[in-house]
Amino acid sequence: MTPEQLSALVRSVVAAAAQRGALDVPVPDEVVVERPRNPEHGDYATTVALKLAKAAGRPPREVAELLAADLREQAGIERVDVAGPGFLNVTFTQGALGRIAVDAVTAGEAYGRTDAFAGLRVNLEFVSANPTGPVHIGGTRWAAVGDALGRLLTATGADVSREYYFNDAGSQIDRFARSLVAAAHGQPAPEDGYAGTYIGEIAAQVVAAEPGVTELPAEQEQERFRVAGVELMFAEIKSSLAGFGVVFDTYFSEATLHASGALQKAIDTLRERGHVYEADGATWLRTTDFGDDKDRPLVKSDGDYTYFAADCAYYQDKRERGFDKVVIMLGADHAGYVGRYKALVSALGDDPAQNLEILLGQLVNLVRDGQPLKMSKRAGTVINLADLVEAVGADAARYALARASVDQQIDLDLDLWSRQTSDNPVFYVQYAHARISSLLRGAGDLGIALGGPDDVDATQLAHPRETDLLRAIAEFPRVVTAAAELRAPHRVARYLEELAGTYHRFYDSCRVLPRGDEEVTATTVARLWLCSATATVLRNGLTVLGVHAPERM
């Protein structure tokens, strides 16, 4: 019996008591059950009686005693104790606890999935680096976290579309094009341009593809380098992300918004809603009406659209495509962007609390040999996605970047994450899966089969280390749901490390396979199911993080 199943059971007991008139209370939508800190207090505890007491007009302990009596009659419940002011401490029968392993193995890839966000359509935008250089380390963090979050939301029932918005219009693209032209002519990068070996490499590719490009008139030459350079740069970005295991459903071009007239359409919509005005030769959105610190320009006095106008059009486009919630992941340096974006959402008639979510992530510092590695995209000394993968591998990079809360700055030690030792968290978790895979292969070599769900005697799993592992396995669906709700993939990583540790302690205390001429017993089979269940959860958890679960290491 999992915590979710117990929660549903307690709720059904409350509903039955209300139906027969024993309790005059509304049935709660959800009953919260928690692991007690002291294992002697049972497998799980709930405060539902305390929460219902006021509505029932009765003392909490009296409500608790009524519910306890009903719970004691339910299958799988060994004991229910009423403690303190009205806590219910529930202990499962050994068979009910042991069936958790059977349920996990039987469910396979589906174990841990829930319907917490069923019916919600989410547009998840992340990375969205300008196509003026490789994906740097900050963008790499968003690639790891964003993809994991997409997997989490999908695992909890949401319909998720991953989107990459590339700014292929605007002044930064002009600077990029001028930088390529300079490199093609063997000149240094413009003062406001981009440097780095990648600029020279892309310029050379453009020249190779179009040999006469450097002989065109200056304006035409820059345009050809702009078009071809952006195409080459973005192809490299997509390739590096794909090698990192991150593929987007939609790659959305800013230029298409300009070409389709979407910016003017958005401004017209905002004007119709009474939020647009003219001043100083420019067109403004009155964002201060919605809590912003100042109004924002949509069209500059020279007639050019602002980036903010494109933001308005892009958000409107997402909503018109049918997404209920727009989630955008940005670096911490965009914190000032949040207020104006919420204002534009309100100005378009939406509720920012329901339709918009902006996640801000902190910086990543790379460390090697105890010393920080310096980086500057503009100076050309870029530590990018490909560099990180080359240094520690894609699995370690993804795990390391998703393992910390996004609001925490990371010091990522390249020496640690490249080691194949137990102090490397991803190795520790992957090794647990490989160790179980080896054990299951050994069982197969001995001719020991798991059999079907009805062939296992779950009551055999009574050792304290076994029950610890069963309770840990039972927590996985709740971990997934909480991680999705809180937008916190790091909770999955930390859980997997705890699960791996719990498994290693079980393995050290409980022999699984028989030795020599020892017979295969019901305990042997039950423990193999427990091991297989642990592997299932490790595999599913690593999959959520976009990390492989190797069978050999």
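Okay, let's start at Val127, which sits in the loop between strand 5 (121-125) and helix 5. Keep in mind that this is a predicted model. As background, most residues other than glycine have a negative phi. And is Val127 buried or exposed? Its relative accessibility is 11%, and buried means under 20%, so Val127 counts as buried.

You'll find Asp280 in the loop between strand 8 (276-279) and strand 9 (282-285).

Who's touching whom? On the helix 5 side we have Thr140, Arg141, Ala144, Val145, Asp147, Ala148 and Arg151, and they meet Arg398, Leu401 and Ala402 of helix 15. Sort the residues in that contact and you get 5 nonpolar, 4 charged and 1 polar.

Next up, a charged residue on the inside. Arg487 is in the loop between helix 19 (476-485) and helix 20 (490-509). With a relative accessible area of 12%, under the 20% cut-off, Arg487 is buried. Which side chain does Arg487 pair with? Glu357, through a side-chain polar contact of 2.8 Å. Beyond its neighbours up to four places away in sequence, Arg487 touches Phe117, Leu149, Leu153, Lys325 and Leu359, as well as Glu357.

In soluble globular proteins, nonpolar side chains tend to be buried together. In this model the largest nonpolar core has 144 residues, and Leu6, Leu67, Leu412 and Ile473 have the most contacts inside it. Helix 21, residues 522-544, gives the most to this core: 12 residues. Take Leu67 if you want to look around in there. Leaving out neighbours within four places in sequence, Leu67 is in contact with Val13, Val14, Leu23, Val48, Leu52 and Leu88. And there's a second, separate core of 31 residues, including Leu257, Ile267, Tyr315 and Val345.

Note on methods
Residues numbered from 1 in each chain as written. Predicted model: local features only at pLDDT ≥ 70, side-chain atom pairs only at ≥ 80, totals over all residues. Heavy atoms only, no water. Helix = DSSP H or I, 4+ residues; strand = E, 2+ residues; numbered from the N terminus. Buried < 20%, exposed > 50% of the residue type's maximum accessible area, 1.4 Å probe, protein only. Polar contact = N/O pair within 3.5 Å; in protein donor to acceptor, adjacent residues only side chain to side chain. Contact = heavy atoms within 4.5 Å. Core = buried A, V, L, I, M, F, W, Y, C linked by side-chain atoms within 4.5 Å. Nonpolar A, V, L, I, M, F, W, Y, C, P; charged D, E, K, R; others polar.
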